[in-house]
Structure formats: structure tokens, C-alpha cells
Amino acid sequence: MKSAKPTKDRLGRRLLQLYVGLALYGASAALLVDAGLGLEPWGVLHQGLARLTGLTIGVVSIIVGAAVLLLWVPLRQRPGLGTVSNVFAVGLAMDATLALVPEVRSLTVRVPLLLAGILLNGAATGLYISARFGPGPRDGLMTGLHRRTGRSIRLMRTAIEVAVVVTGFALGGTVGIGTVLYALSIGPLAQLFLRVFDVPRAAAGSTVVAEGQPRGAILRP
């Protein structure tokens with residue numbers, strides 16, 4: 001019985017990290033949109049679809065996340081709390097941030113906004129993954145294809161993100177220096193914040209929610 005309180009505290013911290021991480025991820029994606037210097041791969045697709053449909057980019061993110069989650073069925077992937085929460089939380093936080101942050105035109109403001117967005121995205125990724133409530137729907141697609149095809153995760157991730165960027169760009173999504181900078185920096189940033197926000201694992205036999213997140217993997221919502 002002595003371990004009950006530490007167990008609840010650990011679960012509480014993980015839940016807090018999950019939802020703060022998802023909210024900050026959506027906010028960081030919104031900052032990249034406002035900077036207008038290039039989005040992360042899935043952001044390019046979301047923006048392109050938003051321009052095509054007239055929906056907000058946050059709503060498009062939710063729809064795409066739900067559609068990708070359906071692809072988990074034939075891949076026999078099992079979603080976690082973090083997976084389902086990701087579908088809604090990121091898009092809602094993104095639209096809320098875009099509504100609050102005024103549009104900027106000056107390059108002297110857009111560049112710092114881009115850098116802040118990338119840094120915040122790395123921190124949000126570390127928070128979200130360290131909570132260990134399951135990968136986001138887009139990363140689950142990557143790992144599911146890896147298991148089903150036998151191809152490397154690196155190859156699956158590259159193939160998916162190239163296809164996403166090309167499609168998004170064709171639909172009018174923004175590709176630029178920010179896209180390149182994000183691709184080069186998000187891995188090291190996420191790895192750093194994974195160590196900063198790591199939650200110690202529960203002892204054997206604990207009733208804490210399953211912690212099936214592969215350690216050391218750089219996955220994004």
C-alpha cells in the first residue's frame with residue numbers, strides 16, 4: 001500500500017505531460033504557420049488541404065489524424081490514450097493559437113517566430129513522448145508499415161514524409177527554409193527534451209496505465 005501514492009503521482013505527472021505536450025505541439029505548429037517560412041511535413045499537407053477546402057488548418061489536422069488512425073486497422077496497430085487525444089488536442093490548440101497570435105509581416109519578427117516554433121515543437125515532442133501513452137496516429141502509421149513490410153523505420157518515415165510534403169506543396173502548402181531547418185533540428189531537440197522530461201518507469205506489478213512507448217524513438221504527434 002505504501003507505493004499507491006507514488007504510483008498515482010507518477011500517473012498524474014504523465015497525464016499532465018501528455019496534455020501539456022499536445023497543447024504546446026499545436027501551439028508550435030501555429031507559430032510555424034504565422035512565420036510563413038515553411039512548415040513541418042504534415043503541416044504542409046494540412047495547410048494545403050485547408051486552402052483547398054476552406055476549413056481551418058486545425059480542423060484539417062483533426063480530420064487527417066482521424067483518417068490516418070483508420071489506417072491502423074489493417075496494420076493491426078493498437079491506439080493508446082495519447083493516440084486518440086492527439087487527434088483532437090493538437091488541432092484545437094493550433095486553431096486557438098492562430099486566433100490569438102496576430103498576423104506578422106516583418107521578417108525581423110517572422111524569423112524569431114519560426115525559431116520559437118521549432119524550439120517549442122521539440123519541447124512539446126519531449127513532453128508528449130515521455131508520457132508514454134502511445135504514439136500519435138501519423139507515427140503509428142510509420143511503425144505499422146515498418147512491421148508489415150519489414151522495411152526500416154527510416155525508410156518508411158522518409159517515404160511517408162516525402163509523399164506528404166509533395167502532396168501538400170501541390171495543394172498550396174508552404175515549403176521553405178523553415179521546412180529544412182525543422183527537418184535538421186527536430187531530432188536533436190526532441191532527444192534533448194526526452195531526457196529532460198523523462199518520467200521514471202513504474203515498478204513491476206504497478207497498476208499504472210501501460211507504458212509501451214519504445215525508448216529512444218523520435219516520434220511526433
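1. Let me start with a crossing: α3 passes α7 in a left-handed manner, where left-handed means that the near helix is turned anticlockwise from the far one by less than a right angle, and right-handed that it is turned clockwise. The contact is made by S61, V64, G65, V68 and L69 of α3 and by P137, R138 and L141 of α7, contact being heavy atoms within 4.5 Å. By class, these are five nonpolar, two polar and one charged residues (Ala, Val, Leu, Ile, Met, Phe, Trp, Tyr, Cys and Pro count as nonpolar, Asp, Glu, Lys and Arg as charged, and the others, Gly among them, as polar).

2. A word on the basis: this is a predicted model, in which local features need pLDDT of at least 70 and side-chain atom pairs count only at pLDDT 80 or more, while totals for chains, interfaces and linings use all residues. Residues are numbered from 1 along each chain as its sequence is written, and side-chain values use heavy atoms, with hydrogens and water left out.

3. Back to the geometry of that pair: the axes of helix α3 (residues 57–70) and helix α7 (residues 137–149) come within 8 Å and cross at roughly 30 degrees. Helices are DSSP runs (H or I, at least four residues), numbered from the N terminus; axes are lines fitted to C-alpha atoms over the stretch in contact, and angles run from 0 to 180 degrees between N-to-C directions. α3 and α7 are therefore roughly parallel (under 35 degrees; over 145 is roughly antiparallel).

4. α3 also meets helix α5 (residues 81–100), their axes coming within 7 Å and crossing at roughly 170 degrees. The two are therefore roughly antiparallel, and the crossing is right-handed. On the α3 side the contact includes I57, G58, V59 and I62, and on the α5 side V87, F88, M94 and D95 are among the residues involved. This contact has 11 nonpolar, five polar and one charged residues.

5. Do have a look at helix α2 (residues 41–53) and helix α8 (residues 153–170) too, which pack at about 30 degrees with axes 7 Å apart. α2 passes α8 in a left-handed crossing. Among the contacting residues are W42 and L45 of α2 and I160, V164 and F169 of α8. The classes come to eight nonpolar, three polar and one charged.

6. Lastly, which residues line the second largest pocket? They are I153, R154, R157, T158, E161, V162 and V165, dividing into three nonpolar, one polar and three charged.

How values were computed: 1 Å grid on protein atoms, 1.4 Å probe; cavity = no way out; pocket = protein on both sides within 12 Å on 5 of 7 lines; lining within 4 Å. Parallel < 35°, antiparallel > 145°, perpendicular 65-115°, else oblique.
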